[in-house]
Amino acid sequence: MAVADETYDPTRHPDLRAWLAAREGAHAAWAAQTSFAGVLDFSPASLAILDDLVRETANSMEELTDRRMTPFVQGAIWYVGEVFCRHKGMVWKYIPDLVSGHLEPFFDAGAETSALDHPCVGAPGEPDSYVYPLNALRRILLTEDEVGNKVDDNLLSIFADPFGEDDEDDEDDEEMDPSAGWG
C-alpha cells in the first residue's frame, strides 16, 4: 500500500487512467444493454434515466455497494462522473483513503476503505473538492437519514448541488443589522 506524498497527482494515478480508458471503451455496449443508448448522451437531463435504472437494479445502498464491481454499476459510476466532468468542469481523481492516508489498491473488492475503493471527481487543483459517483448512486436509494428524516435525493438534485451547499444555514451569510432588537 503506497502513501501519497506531495508529488502525488490524483488525476494521474495509473489505475485510474486505465479504468477510465476501459470504461470509455465499454460505454457503448453498457448503454446498449440498458435499452436507453440513444438518450444516455452525458447531458444532465440523462441522469434522470440513470436514476431510474439504478433504482430498478438495487433496492438499498447496501445492495448497490455489494454490486459495485458489476459491469452495470461500474458503467453507472463512470457515467455519473463523466456528466460532472463535462458539465461542471470537474476532473477524475483517485485520492488517498480519507482515514489512513494510504493509496488503497484501486477497486480492491475485498478492501475496507473509507472511500469504498473508487475514484471521485472534483475541481481541478483543489484537493479538498470531490464527489464520489458511487456515493451519489447510493444516496438516491436512501429514503431517510440517520435521524429518521425523509430523504428524497435524485441524481439531478445531486448534480445541481454536488457539495450540499444549499443545505447550509443561510442566516450566517446575512449581514447583521446592528440596530436589530434595540427598541
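What does the accessible surface of the chain come to, and what share of it belongs to carbon and sulfur atoms? The accessible surface comes to about 10,500 Å², of which 50% belongs to carbon and sulfur atoms; areas come from the Shrake-Rupley method with a 1.4 Å probe, and for residues only the protein chains shown count as cover. The model is predicted: local features need pLDDT of at least 70, side-chain atom pairs count only at pLDDT 80 or more, and totals for chains, interfaces and linings use all residues. Residues are numbered from 1 along each chain as its sequence is written, and side-chain values use heavy atoms, with hydrogens and water left out.

**Confidence**
- The chain averages a pLDDT (the predictor's confidence in each residue, from 0 to 100) of 83, and 80% of the residues score at least 70.
- Mean confidence is lowest in strand β1 (residues 2-3), at 58, and highest in helix α4 (residues 71-88), at 97.

**Architecture**
- The chain holds 6 helices and 4 strands, taken as DSSP runs numbered from the N terminus (helices H or I, at least four residues; strands E, at least two).
- From the N terminus on, the order of elements is β-α-α-α-α-β-β-β-α-α.
- Of the 183 residues, 42% count as buried; buried means under 20% relative accessible area, exposed over 50%, and partly exposed in between (1.4 Å probe, protein chains only).
- Among contacts between residues at least 6 apart in sequence, 63% join residues at least 24 apart.

- Because 14 of its 18 residues are buried, α4 is largely enclosed by the rest of the structure.
- Glycine 89, whose phi is positive, near 70 degrees, follows α4.

**Selected buried residues**
- Leucine 50 touches Trp30, Phe72, Ala76, Tyr79, Val80, Leu137 and Leu155, not counting residues up to four places away in sequence.
- Leucine 155 lies in helix α6 and is buried, at 2% relative accessibility.
- Beyond four places in sequence, the contacts of leucine 155 include Leu47, Asp51 and Ile140.
- Histidine 27, in helix α1 (residues 14-34), is buried with a relative accessible area of 12%.
- Not counting residues up to four places away in sequence, histidine 27 touches Leu40, Phe42, Trp78 and Tyr79.

**Salt bridges**
- The structure holds 4 salt bridges, each a side-chain nitrogen of Lys or Arg within 4 Å of a carboxyl oxygen of Asp or Glu.
- Aspartate 51 pairs with arginine 55, the closest N and O atoms being 2.4 Å apart; both lie in helix α2, 4 residues apart, about one turn of the helix.
- Aspartate 51 is buried at 6% relative accessibility, whereas arginine 55 is partly exposed at 34%.
- Glutamate 82 and arginine 86 meet in a salt bridge at 3.1 Å, N to O; because they are 4 residues apart in helix α4, about one helical turn separates them.
- Glutamate 82 is buried at 12% relative accessibility, and arginine 86 is partly exposed at 44%.

Key:
Contact = heavy atoms within 4.5 Å.
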